[in-house]
Amino acid sequence: MKKSMQYATFGILFIICITGIAFADTTEPVNTTQVQIGTILENPETYVGQNVTFNGTITSQCGSGCWFIISDDTGDLYVTLRANNFVIPPAMGKKATVTGQVSEKGDIFVTGSQVTIGDTTYP
């Protein structure tokens, strides 16, 4: 029973990953403000609820690619992709451009709506 639950969980995560990769490069860019991560963290009241775009390096990532931490010279920011139903492939150490909406629930985070890694844009 436990093994079948593990296989089912793995299968669901695999389907989510394949779906996210399959829909890469299929959405229109979102109008946003280009900012540095530190600017968001220092002035959250200005950016909460706003769409922003920022660049950085992915320094931590979940196994299924549904969230990651991105860093630049000014700070680190948690990015979740789950609310927008897409994931990214393993990208630790890679440069990325993220577009998403800034939120605050205790900590500041971004709900990513678009992630560009190299020449590929997700979703």
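T33 has V52 in strand 2 as its bridge partner. A quick word on terms: strands here are DSSP runs of E, at least two residues long, numbered from the N terminus. Two strands count as a pair if DSSP finds at least two bridges between them.

Before going further, keep in mind that this is a predicted model, where local features need pLDDT of at least 70 and side-chain atom pairs count only at pLDDT 80 or more, while totals for chains, interfaces and linings use all residues. Residues are numbered from 1 along each chain as its sequence is written, and side-chain values use heavy atoms, with hydrogens and water left out.

Now follow the chain onward. Strand 2 (residues 51–61) and strand 3 (residues 67–72) run antiparallel, joined by four bridges.

Strand 3 has another antiparallel neighbour: six bridges join it to strand 4 (residues 75–80). In this pairing, I70 stands opposite L77 of strand 4. The link between strand 3 and strand 4 is a hairpin too, going through two residues.

Is T99 buried or exposed? T99 is buried, because its relative accessible area is 6%; buried means under 20%, exposed over 50% and partly exposed in between, using a 1.4 Å probe and protein chains only. The side chain of T99 makes a polar contact of 3.0 Å with the side chain of T53. That term covers a pair of N or O atoms within 3.5 Å; within protein, one must be able to donate a hydrogen and the other to accept it, and residues adjacent in sequence count only if both atoms are side-chain atoms.
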